[in-house]
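Let's take a friendly walk through a protein model, one piece at a time. Have a look at the picture first, and then we will go through its parts together.

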Amino acid sequence: MNLTLAEVARCLGTLADEGFEETVVTEVKTDSRTVEPGDLFFCIAGENYDGHEFARQAASSGACAIVASRMIDEMDAPIIMVRDTQTALGRLAACWRDTCGAKLVAVTGTAGKTTVKEMLHSVVSQRVAAAKNYRNFNNQIGLPVSMLKASADQELWIMELGISRQGDMEDLAPVANPDLAIITNVGPGHLEGLGNEAGVASAKTGLLRHLRQGGRAVICRDYPLLWNAALELVDAPVGFSSLENTDADFFAVFLGTAPDGQGRFRLKTPDGDGELTAPFN
């Protein structure tokens with residue numbers, strides 16, 4: 001991220017104090033133990049901790065400013081007040097993405113999100129500069145922090161979104177606001193928070209409500225609950241992938257193992273067919 005504190009304040013809808021125009025933010029941090037000089041510290045309140053209690057530690061480590069949602073004692077760093085720091089973190093990430101003009105691919109699904117994200121990043125990085133989440137940093141904190149780590153010269157951002165309860169996608173999807181949404185599958189994951197597989201499908205497809213204007217989605221049709229939930233929601237173009245339906249927009253079939261142990265695949269896409277090898281089978 002390469003924003004001044006004044007630009008941060010404008011992104012968050014607050015007033016810029018004197019000196020904000022000259023202060024450039026080095027990085028955004030939510031863990032006071034990792035703060036270095038020039039970082040912007042967000043006081044995030046969790047179930048077992050409250051970042052406001054560590055604001056002074058962040059300031060003493062050189063934070064250029066503290067973003068807080070409640071009054072804290074004066075310290076050697078300016079304080080930017082917001083209504084909710086977690087929401088503000090997402091808002092800043094979305095603002096940074098708009099500033100960069102990057103295209104964003106959002107990947108979600110019950111299983112395989114990280115694998116698909118890593119594979120996409122590996123492929124597209126051969127052609128363009130691309131950013132991605134670190135590991136599976138895909139929740140309400142990990143997603144915006146990952147976006148804020150992306151640089152302005154990375155024209156494509158590939159971000160996975162992970163949810164575990166109702167309402168999570170409503171937090172994540174507006175931050176991602178994807179140009180392309182990919183939903184890999186649905187299954188009996190996080191049922192304690194999502195109810196049943198139909199609830200999982202409904203929650204996952206909530207991402208489609210937040211496609212950027214002109215955006216597209218690719219949904220795996222091999223999961224009827226997912227496909228039906230998607231069709232109920234979206235008016236934008238929806239393509240579908242499949243390992244079973246040869247009429248799918250994106251269809252792959254395993255051809256066997258190559259001599260070097262890699263898998264051989266036949267891939268069909270709207271732009272043409274071809275064969276490829278990949279380090280799995």
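Predicted model: local features only at pLDDT ≥ 70, side-chain atom pairs only at ≥ 80, totals over all residues.

If we set aside the neighbours within four places in sequence, Leu40 is in contact with Leu5, Val8, Val25, Glu27, Val28, Lys29, Cys64, Ala65, Val67 and Leu92.

Is Val35 buried or exposed? Val35 has a relative accessible area of 7%, so it counts as buried, since the cut-off for that word is under 20%. You will find Val35 in the loop between S1 and S2. Not counting residues up to four places away in sequence, Val35 touches Lys29, Phe41, Ala58, Ser61 and Ala63. For a sense of scale, compare Val35 with Gly195: they are 160 residues apart in sequence, and their C-alpha atoms are 39 Å apart in space.

Now for the sheets. Strands of a sheet pair through backbone hydrogen bonds, either parallel or antiparallel. Strand S3 (residues 65–68) pairs with S4 in the parallel sense over three bridges, and Ala68 has Met81 in S4 as its bridge partner.

Two packed helices are described by the angle between their axes and the distance between the axes. How do H3 and H5 cross, in degrees? The axes of helix H3 (residues 85–100) and helix H5 (residues 142–149) cross at roughly 30 degrees and come within 9 Å. The crossing of H3 past H5 is left-handed. On the H3 side, Leu89, Gly90, Leu92, Ala93, Ala94, Trp96 and Arg97 take part, meeting Pro144, Val145, Met147 and Leu148 of H5. Sorted by kind, the residues of this contact are nine nonpolar, one polar and one charged.

Another open sheet has nine strands, in the order S6-S7-S5-S8-S9-S10-S11-S12-S13, with mixed pairing. Strand S6 (130–132) and strand S13 (272–278) are its edge strands, each pairing on one side only. On average, and ignoring direction, neighbouring strands of this sheet are turned by 20 degrees against each other. Helix H4 (residues 113–124) packs on the sheet, where it touches strand S5 (103–108), S6, strand S7 (156–160) and strand S8 (180–183). The direction of H4 makes about 165 degrees with that of S7.

Strand S10 (residues 238–242) and strand S11 (residues 250–257) run parallel and are joined by two bridges, with Ser241 standing opposite Phe250 in S11. S11 and strand S12 (residues 263–269), on the other hand, run antiparallel and are joined by six bridges. Here Phe254 stands opposite Phe265 in S12. S11 and S12 form a hairpin with five residues between them, and Gly261 in the turn has a positive phi of about 95 degrees.

That brings us to the backbone. Most residues other than glycine have a negative phi, and most peptide bonds are trans. Which residues have a positive phi although they are not glycines? One of them is Asn177, with a phi of about 40 degrees, in the loop between helix H6 (168–176) and S8. Another is His190, with a positive phi of about 55 degrees, in the loop between S8 and helix H7 (191–194). His190 counts as partly exposed because its relative accessibility is 42%, which lies between the cut-offs of 20% and 50%.

Definitions and conventions. Residues numbered from 1 in each chain as written. Heavy atoms only, no water. Axes fitted to C-alpha atoms, helices over the stretch in contact; angles between N-to-C directions. Helix = DSSP H or I, 4+ residues; strand = E, 2+ residues; numbered from the N terminus. Left-handed = near helix turned anticlockwise from the far one by under 90°. Contact = heavy atoms within 4.5 Å. Nonpolar A, V, L, I, M, F, W, Y, C, P; charged D, E, K, R; others polar. Pairing = 2+ DSSP bridges. Buried < 20%, exposed > 50% of the residue type's maximum accessible area, 1.4 Å probe, protein only.
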